[in-house]
Amino acid sequence: MDVGLSSLRSEAVGAMRTALVSAENLQLSLKTELSQEEQALTLTKSSPKETHKDGNEDLKEMLESNKESLKLEAMKRVVGLIAKGKNSSELFPAVVKNVASKNIELKKLVYVYLVRYAEEQQDLALLSISTFQRALKDPNQFIRASALRVLSSIRVPIIVPIMMLAIKEAAADLSPYVRKTSAHAIQKLYSLDPEQKEQLIEVIEKLLKDKSTLVAGSVVMAFEEVCPDRIDLIHKNYRKLCNLLVDVEEWGQVVIISMLTRYARTQFTSPWKEGAIFDENNDKTFYESDSEEKKEQMEAKPYIMDPDHRLLLRNTKPLLQSRNTAVVMSVAQLYWHLAPKHEVNIVTKSLVRLLRSHREVQYIVLQNIATMSIQRKGMFEPYMKSFYVRSTDSTHIKTLKLEILTNLANEANISTILREFQTYVKSQDKAFAAATIQAIGRCATNISEVTDTCLNGLVLLLSNRDETVVAESVVVIKKLLQTQPTQHSEIIKHMAKLFDNITVPMARASILWLMGEYCERVPKIAPDVLRKMAKTFTAEEDIVKLQTVNLAAKLYLTNSKQTKLLTQYILNLGKYDQNYDIRDRTRFIRQLIVPNEKSGALNKYARRILLAPKPAPVLESAFKDRDRFQLGTLSHSLNVKATGYQELSDWPAVAPDQSVRNVEVIEPVKEWAPLVGKTKKSKSEDKFYSDDEDEKEEEESESSGSEDSSSSSDEESGSESEEESSEESEKTSSDSGKSSSGSEKSSSEFEAEQKKKKKTKKAPLKKNKLTAGDSDSDENGNGPVAQSSSSSAESSSSSESDSEDDSDSDNITAQKKKSQVKSKPKVEVKSKKEVSLLDLDDFSPAPTNTPKSLVVSSSLLSDLEGLSLSNMSSTMQVTTPSFGPVKTYELLHHMTGKGLSAKYHFPRQPCLYQPSMVAVQVILTNSSDHSLEEIHIGDRSPASLNIHCFNTIERLEPEASVTVSMGVDFSDSTQAANFQLCTKEDRFSVSIQPAVGELLMPSTMTEEDFSKEQGKLLGMNETSATITMATANTSSQAIAKQVLSVANVGVVSSSQNNVHRFAGRTVSSGAVVLVSLEQKESSAALLTINTEKSVMASMLLRDLKQALAQA
């Protein structure tokens, strides 16, 4: 027995040794083969200077190789070239050869290439049609779909019958992915051969009956392209599409919602009829009225909403919480065009939430809100603060927000809005400042109570230094004066006095028009203005000349004694003007006002023609007529009917037969798909929302948000995350009968994870939690906290339930945990709302003599007291910089820079990019006669230098300037930062040399704390010298001025008149820098600097000594 076991053991050991030896040999042989392949692959990499053509030759060799791995690598690189936008069409013959490869991954890449270039290389693509036809029978669904996609991309009329056959077969395929691809191919075939429309409609009709959510969006898109007028195809599938909507992919949802909006406008009666009674539940009417009105309503037939109409509104409502902005916008336009007016407010909060997206999204959303706000001011009035302009907004966003604020203005909020406008007028953005003045004019005409206030404010703006502001003010004042000219002759006189200083043609023309129109009210001034204009007539712009001729004619009729000769002189000048409009106007005016034999009867009516009372201009919103287009469409955005736009039809007077939609509701079936997460619950047989829940939902819509939509907003919109979001939204619809909203339940797992994370967070993160809550407050107004869900109706009715003030439930739970952990709870954090400049109501219109340093209110300062920028001691805090005269240094001379000049200065502001960086502002000017392109920062020296570069300036026009911000980490050293300033053609080496005083940031502390800190920095850390000051610099103010001009430090209050103290920190390391100056007899003084940075101390001492000695 033992002998047998030992022999078995020895045999096993021998077999193991043999296996190991063979494995080593195999590994060696594999390594040899791989190294050969690697050599083949790196042929092109080893010679980067070779031309693109040589690279393509290598790819051709790899594609014609016998090894699958080489071919696969080559195809990956080819697809990479396509992704970068490079032309790879010359590789088409080599790629087509691999279309019949058995390697599935290689075949997929070949198909991707063929889809891109099949249209360009049609002849070669036709040679491989038989391969595509075989691939249509491939067992792999992805290969079948790819083959159909390539086949439909070959745009040759000869193969139309083959494409039609392939589409019909794919439409009956077992795989929903292939059926989806066939729906995409329908559109391509229709654009190639519109005569195939009838056969394609048959395929569309078949695909519309498909049970899969994967196919729904694509087939509706095909329906919209091929036969949008065939509403009869939708009847039987209407309810199915409504029920599937929540599970369809996001872009499919957009298309389906758009189609269903048009469908509903043809099939249901209008819910907007005046006096309509909503009797859906037959319990009571929606509006309760007095007994007399009830009698009339009993006679009138009550409005009963079609159940299918209600089904559409209910099933789209959860999609307002979608993370896709296009879906939210689609649902918003559906509610705007289809819902009863009292239900439209549901979309308001979701639209306001979208304003936190990218500027492109903001632009479209704001355009739609601007149109809505004209008809329904009440919808967006509670969220007015969301439309306040931010400094980071671009001009077109600012203008749209301004439009909305003007639309929302009424007697109650006009004071707040005008206070905002006062700030906007001071903007550096001239176009925005001009638009603000126009908005003030609109407010003045719309709200009579503030007309005088606005007019007085605009008159004050006439003394502004900026010509654009003055010009726009004149134009708006002119329009306002037309409404009530009798009361404002003083303003007309004031404008006449400013006439010489105004150079903008439109403004000068407006003043001349006012002078002429109301010349009888200013009889002494108008002739004098005409006299001045006669001197400069030939040098004026055409629009000014025309108004001068008009003024002369009107004065000739009203005051001919003083102005007869002037008028004749101006008419003679106009008679020979270069512009034919002015010549024609002059001849006409002469015949009209100067009586002669030829003038005839027209001369009698000259006064009635020229001095007829003119109607006041109506200042209207630019969006007033945009409601003729459907919201969210390109036509609405452009305010022009775009190609392919389909107008919404009017509501039918009598509803069509609703029995055409009576079919069995098709439930979505489970199909093969890479599902991630939990399995779906089966849908309940009840209505989408129960009837008795409707009112609760109306109340909760203001406070309930989508935790899941906000949490997944940063994820990629891949198929897996889409599946999860669709499952969650399906749960939202099925769990509606419970006390808390569905969105709370669907996101419970996510919140649990968040709570675990928050337990591990530390104190600095807790402070940031308030501002984070501000950004998500619209979406997450309601969370899993029982109190907030139970009192949702109360919170929604409160006056403070706007988008800025809603608190996140996660913040509430986090604060509760903080209060348990900390022994000394922070009462301020719980009681205060988020600090926001927009929430401050104590900004009053600043008088003209108020210094700029007093802009920040006391309440804001108290709110910001607890915030600290770093882990510094409580005795010393960073304070606001002291602003002195800005010194500008030359970075690049325009001769050296071939027309590009650059100057820089230190704004003494905290750097936004990194706390350890010094902020630098660079002014770039193009002094050449041609535009400069792609201005950016290139290589830097040393390479380890930490610079935050400004964004590339794509184009700088001649004589134009632009100011950009940079951040440089000088590491508390005055060593120059060397780098290259580059344009598209040239590179220029430049350097920024910081003064030692610019490497500091100001701090504030008490005199006692200053003495303590100074006591810690004695001996080697103290540098002092006796200096002689100029007699002009012996006062406290002069000393502070000179010190602050050299160093960016803060002033420390002192109890001794002869001792002056200043404190700061180094920007990079945060080392304390203390400066004290003790005045001795006459002009002598002891200057002492205490800091760990002894080199900086000696350099700072030298600079301060020099500054204080200068007169």
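Author: Helices (H or I, at least four residues) and strands (E, at least two) are DSSP runs, numbered from the N terminus. By that reading, the protein has 48 helices and 16 strands. The model is predicted, so to speak of local features a pLDDT of at least 70 is needed and side-chain atom pairs count only at pLDDT 80 or more, while totals for chains, interfaces and linings use all residues. Residues are numbered from 1 along each chain as its sequence is written, and side-chain values use heavy atoms, with hydrogens and water left out.

Reader: In which strand does Gly-1064 lie, and is Gly-1064 buried or exposed?

Author: Gly-1064 belongs to strand β14, which covers residues 1059-1066. Buried means under 20% relative accessible area, exposed over 50%, and partly exposed in between, with a 1.4 Å probe and protein chains only. Gly-1064 counts as buried because its relative accessibility is 0%. The C-alpha atom of Gly-1064 is separated by 9.9 Å from that of Gly-997, although the two are 67 residues apart along the chain.

Reader: How many residues has the largest nonpolar core, and which have the most contacts inside it?

Author: A nonpolar core is a set of buried Ala, Val, Leu, Ile, Met, Phe, Trp, Tyr and Cys residues joined through side-chain atoms within 4.5 Å. The largest one here has 197 residues, and Tyr-113, Leu-114, Leu-351, Phe-387 and Phe-421 have the most contacts inside it. Helix α18 (residues 325-338) gives the most to this core, namely nine residues. A second, separate core of 56 residues includes Val-920, Leu-956, Leu-1000 and Leu-1077.

Reader: Which residues does Phe-421 touch, leaving aside those up to four places away in sequence?

Author: Contact means heavy atoms within 4.5 Å. With residues up to four places away in sequence set aside, the partners of Phe-421 include Leu-402, Leu-405, Ile-440 and Cys-443.

Reader: Where is Ser-427 found, and why does Ser-427 count as buried?

Author: Ser-427 sits in the loop between α23 (414-425) and α24 (430-446), and Ser-427 is buried because its relative accessible area is 16%. Not counting residues up to four places away in sequence, Ser-427 touches Lys-398, Phe-432 and Ala-433. A polar atom of the Ser-427 side chain lies 3.0 Å from the backbone nitrogen of Asp-429.

Reader: Where is Leu-602 found, and how does Leu-602 count in accessibility?

Author: Leu-602 is in the loop between α32 (580-593) and α33 (606-610), and Leu-602 counts as partly exposed because its relative accessibility is 43%.

Key: Polar contact = N/O pair within 3.5 Å; in protein donor to acceptor, adjacent residues only side chain to side chain.
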